[in-house]
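Have a look at the model first, then follow each solution step by step.

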Amino acid sequence: MICNIPKVTVTTWNSNNVILVGPTYKQYLDKALNSIRNNDIASIIGQPGMGKTTILKKVQEIVKDALYMDLASKNEIEDEFWSKIDKNEIRQKVLPRLDKKKYGYSFWKRLLGVKFEDWLMRVCGKYNDPLLRLYCFDYQKDFDGMIKAISDLKEIEHLSLLIDEVRENHVPKIHRLINSGLGVPILIAVPTEVYSKITDLAIRRRLDESRISLDNALTSEDIKEIVDAYCHEISDDLFPIVLSLWNGRELNTVSSILQFMKSEVEKFEKECSNSQDVVNCVKEKLKESHSLKNPEEESKQLEKMIRDLLSSLTKEFQVTYVHPRGKRVEVKGKYITLGIFFIKDGNAYVGLVKLLNDDRTDDDEVKLLSMLEKVEHEKKEYPVEKRFIITNSQKLNVDSTVTKVELTTMEAIRILQGDSEILEEKLKEILNSFSTKTSSASAVVST
């Protein structure tokens with residue numbers, strides 16, 4: 001296997017060897033660990049798949065006596081707590097700390113063959129003593145019993161509570177737990193949707209005291225380290241693809257990145273199974289499937305697709321004419337072919353598609369487009385109301401009179417492969433922006 005990616009998402013991954021990489025996540029891990037050291041209440045807020053569980057599991061690896069509780073399938077927090085408490089393990093920890101004289105275990109009892117452990121079970125409930133309660137496990141298995149047990153456990157260990165997958169129905173008891181005065185650090189992972197629905201200001205205030213927000217947290221450096229950690233052999237080839245999809249919002253969580261890498265690489269591994277060099281074969285397959293093959297021809301193809309779709313939207317956007325093919329026009333003694341030309345409200349709207357595989361910054365046709373003032377059609381001149389460029393290049397320079405519409409390379413490839421939803425969404429975004437009167441300053445429409 002070229003990549004080593006878990007088969008399940010990070011939200012349900014309970015491996016003891018948690019991979020946590022990227023400067024942002026390392027910073028958040030440090031923040032979480034500091035909250036534990038300072039005996040604080042802290043929250044981790046984020047969408048499913050953004051790494052809340054990963055941070056909690058990494059904290060569990062590092063912090064001794066941290067109790068991890070997953071509420072994903074539990075209606076009540078106490079049910080998860082009691083399922084994680086090992087009575088025999090607690091007794092082994094408590095027994096060496098118990099003072100035999102304190103509980104009436106005399107020399108004569110030992111002489112008569114009464115074991116200390118048996119004697120302790122006889123005196124359960126007779127002493128108001130946390131160590132004896134722990135040994136006897138003398139608690140009601142409800143929420144109040146849980147609070148009492150946590151309070152007693154502090155006597156034998158530096159307990160920390162790590163609570164994952166909090167849902168709306170858990171919030172009231174989480175609040176009670178926070179306000180119980182236990183004096184133990186609590187780190188709580190709450191999905192963004194659940195957090196947004198909390199209306200009790202007191203609860204929100206407590207959750208916000210030491211809040212770690214994961215949504216929109218990933219940087220390109222984080223993504224690079226994630227790709228390298230799981231797919232080191234092909235990370236240089238895979239990273240630009242993943243970053244492009246992330247910037248285009250086609251991938252929006254850590255989990256979605258992992259699942260994309262897993263599915264893509266496994267697909268190409270099968271196709272390359274008979275190759276003598278599987279790694280290089282997979283690299284080539286990745287490059288072929290996620291790059292433009294002939295940008296000039298593909299630009300013309302995309303222009304035609306836009307014209308065809310625009311013709312179906314004329315009524316919705318009050319467009320009176322769409323030119324069915326590229327229109328050749330003269331600008332300052334030179335000629336360019338407008339890939340897109342349509343008439344709306346008696347004005348001309350003109351555009352070009354420039355898909356590139358290089359880092360070109362200047363283009364002669366783009367410069368000429370910025371100087372186009374009018375277009376003749378059927379012996380009538382129409383003043384140019386809007387000029388626009390549709391491109392996958394962030395570096396391509398455009399004049400302030402031209403609207404630059406940015407597509408990611410992956411969006412362009414998906415559209416060319418027949419993804420009509422992306423094309424329609426993008427075109428409607430452009431037309432809606434044209435419907436709003438703007439100043440002559442340039443605008444950038446991007447996803």
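**Exercise 1: the disulfides**

Cys-3 and Cys-231 are joined by a disulfide, with their sulfur atoms 2.0 Å apart (a disulfide is a pair of cysteine sulfur atoms within 2.5 Å). Before going on: this is a predicted model, where local features need pLDDT of at least 70 and side-chain atom pairs count only at pLDDT 80 or more, while totals for chains, interfaces and linings use all residues. Residues are numbered from 1 along each chain as its sequence is written, and side-chain values use heavy atoms, leaving out hydrogens and water.

Task: find which parts of the chain the link of Cys-3 and Cys-231 connects, and its handedness.

Solution: 
- Step 1. Cys-3 sits in the segment before α1 (23-37), and Cys-231 in the loop between α12 (220-230) and α13, 228 residues apart.
- Step 2. The torsion about the S-S bond is 125 degrees, a right-handed link.
- Step 3. Cys-231 has 0% relative accessibility, so it counts as buried (buried is under 20% relative accessible area, exposed over 50%, partly exposed in between, with a 1.4 Å probe and protein chains only).

**Exercise 2: a serine in a strand**

Task: work out where Ser-43 lies and what its side chain reaches.

Solution: 
- Step 1. Ser-43 belongs to strand β1 (residues 41-46); helices (H or I, at least four residues) and strands (E, at least two) are DSSP runs, numbered from the N terminus.
- Step 2. Ser-43 is buried, at 0% relative accessible area.
- Step 3. Its side chain reaches the backbone oxygen of Leu-207 at 2.5 Å.

Note on methods
Polar contact = N/O pair within 3.5 Å; in protein donor to acceptor, adjacent residues only side chain to side chain.
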